Amino acid sequence: MKMPPTALPSYYIGLMSGTSLDGVDAALVAIGPDSPPVLIATHAAPMPPPLHHLLLTLCHAERVSFAELAQAESAFCRLQADAVKALLDREGITAEHIHAIGSHGQTIEHAPSGHHGGPAYTLQLDNPSLLAELTGCTVVADFRRRDLAAGGQAAPLAPAFHQALFGRQEGEQLVLNLGGFANLTWLPSDIHISVIGFDTGPANVLLDTWFAKHHNGRFDHDGAWAASGQVDQALLNRLLSEPFFQQLPPRSTGRELFHLAWLEKQLTGHEMANDVQATLAELTAISVTQGIQQLPLSHNDITLMACGGGAHNTYLMARLATQLPNAVFKSSADFGWPEDWIEAGAFAWLAHQRLHGLPGNLPSVTGANGPRVLGGIYAS
Ligand SMILES: Nc1ncnc2c1ncn2[C@@H]1O[C@H](COP(=O)(O)OP(=O)(O)OP(=O)(O)O)[C@@H](O)[C@H]1O
Ligand SMILES: CC(=O)N[C@H]1[C@@H]2OC[C@@H](O2)[C@@H](O)[C@@H]1O[C@H](C)C(=O)O
């Protein structure tokens, strides 16, 4: 096992399955008392197609049966347990070496302002009791609902981890996660100024959905199909008229707002499919740019660290670079955190925060009434 630089760290596993529904990411992280968390090892367990289909159905279901929920929860939990086992086997360690697993669960619905006047809620499918039983590890889970109970958006949570990872660097930092949805974190150079973070809108979720409607396959590799199309300016303007893009932070979103029917409502039916894909990539590039314009940046020459699967989409990254001509793009990999592993790392760190009775949220990001210790503990 690769050893972290400081003595006596504790080992945590973060499990993240994001809104893209592409699989479970497992990250083994060493966390010591005085230094940023260190990524030790990773394992990605791809989502089996039947589970992908079932979870996608649940995400958009008007009605759900308990049998379907139970089936999804059990299959999802077993995929998580397999990912943990693969990680431990690869590193030649056992459950006793792990202080805790931080399990995000699978977001099924996120309605921080309630649904049609109903109570605020956010639902992550998860079975931490079964996960503790299957892995022999202590599990920390249900991270979002305490922030929601305290009046927050319950998302994004990663900005607090971005601060733990990159907050000690010189100058202001911008972290952009391009997952199913995109979220931005601004780390000011003055540590007395609060961090700002929020969701900017859809990223891979619509690109993947539109691609899968027209091809066999889950995503547009390197954005090649988008690159073969032209941006449809009229369509782009209609998409950008969605009020979410004008909202001030705190703000978060999900599949309940941005989905295929939302897109199709704005189509005339005469568009070329690849032009729609190019327009969706532009929608992400522009909504991220507009999000950056909402930040109290000290100057225009920004340094942006892009992470999440969308950072591999070369077309999307080129469009972002065009929208942000003064931006210098940095790779999180140069800081020991390859772009695909920051979110899973965040849930390892959040488990550590919970076990130490430390807050996991940033009220300046989520809008919660104060810092809160997030999650519940399911002992091994
Ligand atoms: N080479 C690539 N070219 C284009 N897109 C890519 C590439 N590699 C990954 N992606 C995109 O990244 C997605 C997965 O991203 P990621 O794992 O960050 O999503 P996520 O975990 O669901 O994130 P979040 O929780 O932030 O929504 C894929 O569905 C795909 O759209
Ligand atoms: C409710 C939910 O699952 N939100 C996700 C989603 O994916 C990206 C963005 O929307 C972000 O708000 C969040 O995930 C990350 C891990 C977060 O909380 O920071």
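Colleague: Which residue in β8 is the bridge partner of Gln 173?

Modeller: Please keep in mind that this is a predicted model. β7 and β8 pair in the antiparallel sense over six bridges, and a hairpin of two residues joins β7 to β8. Within this pairing, the partner of Gln 173 in β8 is Leu 187.

Colleague: Which residue in β10 stands opposite Val 175?

Modeller: β7 also pairs with strand β10 (residues 303–307), in the parallel sense and over four bridges. In that pairing, the residue of β10 opposite Val 175 is Met 305.

Colleague: Is β7 largely enclosed by the rest of the structure or open to the outside, and how many of its residues are buried?

Modeller: In a regular strand the side chains alternate between the two faces of the sheet. For β7, Gln 173, Val 175 and Asn 177 on one side are buried, and so are Leu 174, Leu 176 and Leu 178 on the other. Strand β7 (residues 173–178) is therefore largely enclosed by the rest of the structure, the number of its buried residues being six of six.

Colleague: Which residue in β9 is the bridge partner of Ala 182?

Modeller: β8 pairs with β9 in the antiparallel sense, over six bridges. Strand β9 (residues 196–202) has seven of its seven residues buried, so β9 is largely enclosed by the rest of the structure. The bridge partner of Ala 182 in β9 is Gly 201.

Colleague: Into which domains is the chain divided?

Modeller: Domain 1 is made of two stretches, 10–153 + 341–378. The centres of the domains, taken over C-alpha atoms, are separated by 23 Å. The contact takes 26 residues from domain 1 and 31 residues from domain 2.

Colleague: Which element gives the most to the side of domain 1 that touches domain 2?

Modeller: On that side of domain 1, the elements giving two or more residues are β4, α12 (342–355) and α13 (363–366). By type, the residues of this side are ten nonpolar, 13 polar and three charged. The element that gives the most, with five residues, is α12.

Colleague: Why does ligand 1 lie between domain 1 and domain 2?

Modeller: The shell around ligand 1 has 22 residues, and the closest are Gly 18, Ser 20, Gly 179, Gly 180 and Gly 309. These 22 residues divide into three nonpolar, 14 polar and five charged. Ligand 1 lies between the domains because its shell takes residues from both domain 1 and domain 2.

Colleague: Is Ser 20 buried or exposed?

Modeller: Ser 20 lies in the loop between β1 (10–17) and β2 (23–31), and an unreviewed UniProt entry includes Ser 20 in a feature named "binding site". Beyond its neighbours in sequence, Ser 20 touches Gly 179, Gly 180, Asn 204, Val 205, Asp 208 and Gly 309. A residue counts as buried if 20 or more other C-beta atoms lie within 10 Å of its own. Ser 20 has 22 such neighbours and is therefore buried.

Colleague: How many other C-beta atoms lie within 10 Å of Leu 21?

Modeller: Leu 21 is found in the loop between β1 and β2. Leaving aside neighbours within four places in sequence, Leu 21 is in contact with Met 47, His 52, Leu 55 and Leu 56. Leu 21 is buried, and the number of other C-beta atoms within 10 Å is 20.

Colleague: How many residues surround ligand 2?

Modeller: β4 (98–111) and β8 (181–187) each supply at least two residues of this shell. Its residues divide into five nonpolar, ten polar and two charged. Ligand 2 lies between domain 1 and domain 2, because both give residues to the shell. The number of residues surrounding ligand 2 is 17.

Definitions and conventions:
Residues are numbered from 1 along each chain as its sequence is written. Chains are lettered from A and ligands numbered from 1 in the order in which they are written. This is a predicted model: local features need pLDDT of at least 70, side-chain atom pairs count only at pLDDT 80 or more; totals for chains, interfaces and linings use all residues. A residue is near a molecule or strand if its C-beta atom, placed from the backbone, lies within 6 Å of it. Ala, Val, Leu, Ile, Met, Phe, Trp, Tyr, Cys and Pro count as nonpolar, Asp, Glu, Lys and Arg as charged, and the others, Gly among them, as polar. Domain bounds come from an automatic or database domain assignment. Two residues are in contact if their C-beta atoms, placed from the backbone, lie within 7 Å. UniProt positions are given in the numbering used here, feature names are shortened, and annotations may be inferred rather than shown by experiment. A residue is buried if 20 or more other C-beta atoms lie within 10 Å of its own, exposed if 12 or fewer, and partly exposed in between; C-beta atoms are placed from the backbone. Two strands pair if DSSP finds at least two bridges between them.
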